[in-house]
Amino acid sequence: DASEQLAFSVTVHAENDAPSFTLSRTLVEVHEAQVPDAARFTFPGLAAGMTAGITEQDQELSFNITAVSSQVPFGATPLGENETDMYGSANPDLQLFASPVQIDSATGDLTFVLEPFHNGEVTLGIMLRDSGSAVTPAPAASPRQLLTIRILPVNSAPFFTLAAPEVSTDQDVGFEQRAFATGVSAGAWMEQSQALTFSLEVVQGPRGVDAVAALTCEGK
């Protein structure tokens with residue numbers, strides 16, 4: 001014998017699937033910008049395969065980028081997560097970027113704008129988020145992936161100004177003028193430790209003057 005057959009239904013509630021993506025590289029290297037016009041960089045398709053999950057194509061996607069560590073300037077003592085931010089450092093004098101790093105969720109293009117003359121590197125944590133429910137255990141963000149942006153140093157040309165374009169003195173008389181050269185600098189940001197020397201060359205007039213003339217980095 002068998003009992004009466006009874007019907008029942010099973011409802012499977014949908015849970016948000018975690019979005020996913022891949023990075024085409026984990027290290028991006030550029031040289032420090034010497035002029036503002038050369039400070040913007042774009043790397044097409046750095047992120048690829050962005051998806052909100054199976055059957056969740058209608059959800060909106062966005063990248064969440066946070067700074068994990070940094071080294072500013074290049075070769076300095078690394079800074080931890082509490083000491084760095086999306087500009088490369090929480091210290092305004094040590095910032096690498098003029099604006100936060102961005103990745104386009106549709107194209108995967110990486111874009112950033114450098115602070116001119118600044119160098120160093122920053123490691124970023126990148127997650128892809130969707131607009132679905134984030135109620136546990138349904139994740140709304142992908143696992144974090146790491147990307148390092150390294151800005152290599154470029155030696156900047158030293159510079160100075162002269163107090164006058166010409167000087168005159170009597171024959172067989174010594175000459176010394178203090179502060180003849182002013183604003184003597186090794187170059188741009190973080191190059192103050194470089195040693196400086198002046199070299200003199202005769203471009204017009206009798207030869208041999210450059211053998212006895214001298215200009216010190218103290219400007220005399």
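Predicted model: local features only at pLDDT ≥ 70, side-chain atom pairs only at ≥ 80, totals over all residues.
Apart from neighbours within four places in sequence, the residues in contact with Thr123 are Thr66, Ala67, Val68, Ser69, Leu146, Leu147 and Thr148. With Thr148 there is also a polar contact between the side chains, at 3.1 Å.

Side chains of opposite charge can pair when their charged atoms come close. The structure has three salt bridges. One of them joins Glu29 and Arg150, with 3.0 Å between the closest N and O atoms. This pair links distant parts of the chain, since Glu29 belongs to strand E2 (residues 27-31) and Arg150 to strand E9 (residues 145-152), 121 residues apart. Glu29 is partly exposed, at 41% relative accessible area, and Arg150 is partly exposed as well, at 21%.

Arg150 also forms a salt bridge with Glu121, where the closest N and O atoms are 2.6 Å apart. Because Glu121 lies in strand E8 and Arg150 in strand E9, this pair ties together parts that are 29 residues apart in sequence. Glu121 is buried, with a relative accessible area of 16%.

Glu176 is exposed, with a relative accessible area of 55%, and Arg178 is exposed at 58%. Through salt bridges that share partners, Glu29, Glu121 and Arg150 are joined into one network.

Key:
Residues numbered from 1 in each chain as written. Heavy atoms only, no water. Polar contact = N/O pair within 3.5 Å; in protein donor to acceptor, adjacent residues only side chain to side chain. Contact = heavy atoms within 4.5 Å. Salt bridge = Lys/Arg side-chain N within 4 Å of Asp/Glu carboxyl O. Helix = DSSP H or I, 4+ residues; strand = E, 2+ residues; numbered from the N terminus. Buried < 20%, exposed > 50% of the residue type's maximum accessible area, 1.4 Å probe, protein only.
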